[in-house]
Amino acid sequence: SSQQHQEAVHHCASSRCGEDSHGKLYKNDTETQLYSLKMYSIIHIFYSSYHLWKYTIYDEDEVLLALAEQLGNFTMLVGGPEYVHCLLPPLESLATVEETVVRDKAVESLRKISQEHSPVDLEVHFEPLVKRLASGDWFTSRTSACGLFSVCYPRVSSTVKAEIRQHFRTLCSDDTPMVRRAAASKLGEFAKVLEPEYVKSDIISLFTALASDEQDSVRLLAVEACVSIATLLPQEDLETLVMPTLRQAAEDKSWRVRYMVADKFSELQKAVGSEITKNDLVPAFQNLLKDCEAEVRAAAANKVKEFCENLPEDNREQIIMTHILPCVKELVSDTNQHVKSALASVIMGLSTILGKDNTIEHLLPLFLAQLKDECPEVRLNIISNLDCVNEVIGIRQLSQSLLPAIVELAEDAKWRVRLAIIEYMPLLAGQLGVEFFDEKLNTLCMAWLIDHVYAIREAATCNLMKLVEKFGAEWAQNTIVPKVLGMANDPNYLHRMTTLFCINALSEACGQEITTKQMLPVVLKMSNDQVANVRFNVAKSLQKIGPVLDSNALQTEVKPVLEKLATDSDMDVKYFAQEAISALQS
Amino acid sequence: METTKLPPSSPSSPTTSFSVPSAEKVDGFPRRSMRRARQRRSHSSSQFRYQSSQVELTPLPLLKDAPVAELHDLFCKKLQQCCVLFDFLDCVADLKGKEIKRAALNELVESVATSRGVLIEPLYPEAIKMISVNIFRTLPPSENPEFDPEEDEPTLEASWPHLQLVYEFFLRFLESPDFQPSMAKRYIDQKFVLQLLELFDSEDPREREYLKTILHRVYGKLLGLRAYIRKQINNIFLRFIYETEHFNGVAELLEILGSIINGFALPLKAEHKQFLVRVLIPLHTAKSLSIFHAQLAYCVVQFMEKDATVTEFIIRGLLKYWPKTCTQKEVMFLGEIEEILDVIEPSQFIRIQEPLFKQIAACISSPHFQVAERALYFWNNEYILSLIEENCQVILPLVFATLYRVSKEHWNQTIVSLIYNVLKTFMEMNSKLFDDLTASYKVEKQKELKRERERSELWRGLEEYEERRMQMLTEAARNQRNLQERSLASPRRQLFVQKLPPLPCKAAAPSF
């Protein structure tokens with residue numbers, strides 16, 4: 001039946017999309033071409049799409065990208081796995097174009113359909129393609145080839161395997177840095193599919209060469225490969241085969257390479273195991289934490305917690321206390337705010353590792369220093385991670401310093417900072433407890449309701465809702481509802497509207513009784529407000545709280561007010577009143 | 001023999017060009033802002049920390065006071081003294097040492113520039129070593145990754161007081177009448193040149209300016225390095241276009257290339273044509289085109305003036321990369337097209353007039369008035385006007401419908417009056433053709449609408465066809481399942497083969 005099927009495809013192609021009639025289907029703009037391509041996949045016109053493309057009707061990169069992507073899904077459409085090799089020629093051409101995204105997509109599709117080739121087809125059709133690409137004239141085809149070795153290697157005969165290894169070796173020392181970068185980025189992946197003996201004989205020398213390339217953009221990619229390679233080798237070989245290169249990378253003269261080492265530090269640590277970590281990585285990590293470039297220090301600071309967590313347990317505490325903590329202390333007063341804030345986002349995690357006593361003695365002073373940092377992002381990062389400390393020493397230890405920090409952030413001149421601290425309020429309230437909250441933080445939460453930035457008022461409203469969910473309706477009735485309702489008489493209409501927004505948010509959490517008895521009368525009274533914006537927000541509020549009210553209140557109190565608003569002189573008020581009426585009826 | 005000479009007046013006005021915000025494609029560095037904390041506007045490279053122990057400098061006797069016999073020895077000592085690096089971020093550190101080095105550098109510059117016979121062979125490795133130690137360094141991360149080259153101040157190199165003198169020395173060294181390329185080429189090798197090229201990424205425009213002149217001299221004097229330099233510049237550009245979109249020195253490198261192209265021998269080598277088609281033309285896709293467009297356009301026009309046959313490649317290339325959404329870039333493209341048309345040969349013009357004027361018509365109908373205006377200005381250019389006139393029969397039908405429509409629809413009065421002028425020009429050129437086109441405008445319009453309708457019907461037909469086919473397929477699958485179930489009972493029954501429905505629009509295929 002696949003024969004039949006192919007005939008249908010041909011038929012379809014020739015009858016509809018012959019060379020001279022494509023103008024009927026395609027206008028000159030890219031969007032239509034894109035749409036057409038998607039349709040293509042539906043109507044199976046693969047042959048003609050390739051045909052048209054060859055005659056450069058499609059030279060738009062966007063179109064080529066879509067073509068490269070679609071061709072990866074065409075296996076069934078060309079008649080199943082036994083015909084899948086028909087897809088290779090167009091994908092091969094696409095894998096040589098200049099535009100990186102198109103090429104990458106073509107390689108992705110080639111990798112996908114390589115799995116659908118039988119072992120024989122793989123050797124007859126796919127592997128020759130890889131070879132052609134690998135020995136192409138222009139760098140683009142050689143770059144693409146790098147991504148294809150690892151998908152065909154496991155499934156071909158040993159002679160072909162030897163050829164593939166040879167091609168990969170050649171590309172690793174290619175003249176063009178673009179190709180060496182592509183090879184370096186696939187080195188780890190290729191190592192994984194190789195037999196162990198070739199990892200040692202081939203990959204290590206390639207790895208060493210790439211890691212000392214003249215271009216730092218190549219060297220840094222070798223660091224990534226280092227993780228996979230180290231995982232593949234037996235522990236006893238690591239010291240001689242991998243470590244010299246890794247040590248050299250950690251002290252590379254280019255900050256980009258050092259950055260990469262810092263960024264991959266946790267993976268490297270896991271890959272080389274605990275002995276090497278103790279002897280080599282600890283000093284290397286110390287150096288990265290003291291690096292002269294802020295980028296590198298920030299990347300290393302980000303890894304402090306993970307690195308400490310993964311240290312061998314037997315002398316973890318000793319290593320942290322004598323080697324890591326002194327560096328961390330220096331970073332707390334770093335000159336660069338990104339370094340400090342990277343540290344602040346993980347430093348709290350050290351308390352679980354070091355335990356109560358060490359935390360109080362050594363870490364607490366650092367937390368407190370960071371809580372007083374000049375940069376708000378640092379303070380926010382500390383506050384957002386309070387839960388880790390809470391588990392170890394309880395938050396009370398911090399609360400004295402926490403409060404001024406929170407108050408200062410709450411009043412920060414930048415509204416985004418205020419917004420960030422509001423978002424942590426429910427979490428803080430949960431950890432600090434209702435008493436502390438009522439005493440110290442409640443005023444802040446209410447003050448945000450009259451902030452001059454709408455986004456803050458909105459967040460404050462949402463915050464109240466979360467607090468009520470946490471502390472319960474009774475607490476709400478006693479502490480916040482009176483204050484919220486009091487704002488209904490404020491001379492500023494924006495504040496009066498805030499009352500309505502709060503009611504919208506709180507009614508459900510507060511329940512029917514509080515909503516009907518306390519909130520509803522205020523809302524109804526506001527329907528006579530002079531400002532139209534307030535009045536149509538009354539209509540919206542009534543629509544919102546309607547489901548919480550009982551049907552009696554709805555009929556006798558809400559309905560008449562909405563009907564009155566529906567005859568308002570302002571057209572927006574009318575509109576929203578009618579919306580509310582119809583919503584509440586259904 | 002290829003010769004090279006920087007054009008006396010540089011081809012372009014903007015000599016300062018700075019870095020671009022970039023999305024690093026390959027090395028994947030988060031380019032988030034690392035500044036703000038420090039407000040200093042200068043930075044220094046990571047190299048300083050690698051000098052383990054700081055040497056105390058002691059002033060040496062002056063070169064001009066030295067007896068001739070000791071001159072070379074003293075020169076050499078001074079060169080070695082200048083290999084010591086200083087921390088310029090700490091501006092009060094080791095002021096005495098900094099002053100000694102500055103004085104020594106000044107003397108070296110002076111000596112190389114004015115006195116003859118100083119440059120003897122043993123000094124070459126020492127001089128190149130001093131230059132390498134001072135200028136070759138890993139450039140630090142950009143202080144301001146969201147840097148707008150047209151708005152922001154660039155970050156300046158802190159050690160410039162010394163660095164400038166080192167560059168000055170290097171330049172005088174290369175320009176000295178005593179300079180012997182045959183000796184220098186042992187020390188100024190490929191590795192040296194590669195490092196030199198990497199420095200073009202410096203954010204400091206003063207440094208790039210020196211590098212530009214120096215690389216130009218190196219290219220001029222060391223013939224063996226020429227091909228290598230061109231290849232490495234290619235690699236830098238390709239990386240910039242397809243990988244990082246970030247390199248500060250594109251404009252400077254293009255300026256050097258402008259003069260290199262000028263010296264190309266004829267006929268052009270395949271390598272040079274490939275450079276034009278695969279590197280120069282794709283450079284037009286860069287986001288930061290505005291920073292180096294003048295230099296790029298100069299290079300492109302240089303190519304055309306060398307060999308007119310590349311014109312078609314160039315124009316088709318520009319049309320391929322024509323900006324879709326960025327009107328600013330569109331205006332730049334139009335400017336470049338005008339520069340090209342200014343020197344185009346009429347025989348080449350005929351080859352590209354059709355696609356070109358389709359694009360120009362599209363620009364005229366742009367709602368952005370600057371784009372439309374820039375395109376309409378072509379009609380103020382006498383040479384272009386003469387080309388249009390010669391090929392009026394082809395061009396007028398291409399642009400007529402657009403001109404006619406836009407003259408009635410455009411919101412901007414200036415555009416409307418410019419279009420009237422253009423229409424008037426055409427009317428004077430060929431009144432017969434103009435009248436014919438006016439008469440057939442409505443008919444053509446109707447035809448276009450009809451084609452559009454037919455096209456959408458064709459698609460609808462295909463979609464319906466597909467829908468029906470899917471239905472049939474599911475039905476067939478269901479039937480087959482049923483049959484299989486039944487065939488358990490009566491195994492001899494034949495499977496029912498479902499035929500595809502007839503194709504919907506074979507009969508109704510519109511003709512045009």
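Student: At what angle do helix α31 (residues 493-510) of chain A and helix α32 (residues 512-526) of chain A pack, and how far apart are their axes?

Tutor: In this predicted model, the two helices pack at an angle of about 160°, and their axes lie 10 Å apart.

Student: Why is α31(A) called roughly antiparallel to α32(A)?

Tutor: Set the angle of about 160° against the cut-off: angles over 145 degrees count as roughly antiparallel. The pair passes that mark, so α31(A) is roughly antiparallel to α32(A). The crossing itself is left-handed.

Student: Which residues of α31(A) and α32(A) meet?

Tutor: From α31(A) come R496(A), L500(A), I503(A), L506(A), S507(A) and C510(A). Their partners in α32(A) are Q512(A), I514(A), T515(A), M519(A), V523(A) and M526(A). Sorted by class, this contact has 8 nonpolar, 3 polar and 1 charged residues.

Student: What makes α29(A) roughly antiparallel to α30(A)?

Tutor: Helix α29 (residues 454-471) and helix α30 (residues 473-486) of chain A cross at roughly 150°, and their axes come within 8 Å. Because angles over 145 degrees count as roughly antiparallel, α29(A) is roughly antiparallel to α30(A). Here the crossing is right-handed.

Student: How many nonpolar, polar and charged residues does the contact of α29(A) with α30(A) have?

Tutor: There are 9 nonpolar residues, no polar and no charged ones. L464(A), L467(A), V468(A) and F471(A) of α29(A) meet A473(A), W475(A), A476(A), I480(A) and V484(A) of α30(A).

Student: Let's turn to a loop. Where is P312(A) found?

Tutor: P312(A) is in the loop between α20 (304-309) and α21 (316-332) of chain A.

Student: Why does P312(A) count as buried?

Tutor: The relative accessibility of P312(A) is 12%, and buried means under 20%. The value falls under that limit, so P312(A) counts as buried. Setting aside neighbours within four places in sequence, P312(A) is in contact with S274(A) and K278(A).

Student: What separates the C-alpha atoms of P312(A) and G394(A)?

Tutor: A distance of 27 Å separates them, and the two residues are 82 apart along the chain.

Student: Now chain B. Why is α7(B) called roughly parallel to α9(B)?

Tutor: Helix α7 (residues 205-221) and helix α9 (residues 250-262) of chain B cross at roughly 30°, with axes that come within 9 Å. Angles under 35 degrees count as roughly parallel, so α7(B) is roughly parallel to α9(B). The crossing of this pair is right-handed.

Student: Which residues meet between α7(B) and α9(B)?

Tutor: R208(B), K212(B), L215(B), H216(B) and Y219(B) of α7(B) meet E252(B), L253(B), E255(B), I256(B), S259(B) and I260(B) of α9(B). The contact has 5 nonpolar, 2 polar and 4 charged residues.

Student: How many helices and strands are there in chain A, and how many in chain B?

Tutor: Chain A comes to 35 helices and 0 strands, while chain B has 19 helices and 2 strands.

Student: What percentage of each chain is made up of buried residues?

Tutor: Buried residues make up 59% of the 586 residues in chain A and 52% of the 512 residues in chain B.

Student: What accessible surface does each chain have?

Tutor: Chain A exposes about 24100 Å², with carbon and sulfur atoms supplying 50% of it. For chain B the figure is about 24700 Å², of which 54% belongs to carbon and sulfur atoms.

Key: Residues numbered from 1 in each chain as written. Chains lettered and ligands numbered in written order. Predicted model: local features only at pLDDT ≥ 70, side-chain atom pairs only at ≥ 80, totals over all residues. Heavy atoms only, no water. Axes fitted to C-alpha atoms, helices over the stretch in contact; angles between N-to-C directions. Helix = DSSP H or I, 4+ residues; strand = E, 2+ residues; numbered from the N terminus. Parallel < 35°, antiparallel > 145°, perpendicular 65-115°, else oblique. Left-handed = near helix turned anticlockwise from the far one by under 90°. Contact = heavy atoms within 4.5 Å. Nonpolar A, V, L, I, M, F, W, Y, C, P; charged D, E, K, R; others polar. Buried < 20%, exposed > 50% of the residue type's maximum accessible area, 1.4 Å probe, protein only. Areas by Shrake-Rupley, 256 points an atom, 1.4 Å probe, with all protein chains shown as cover.
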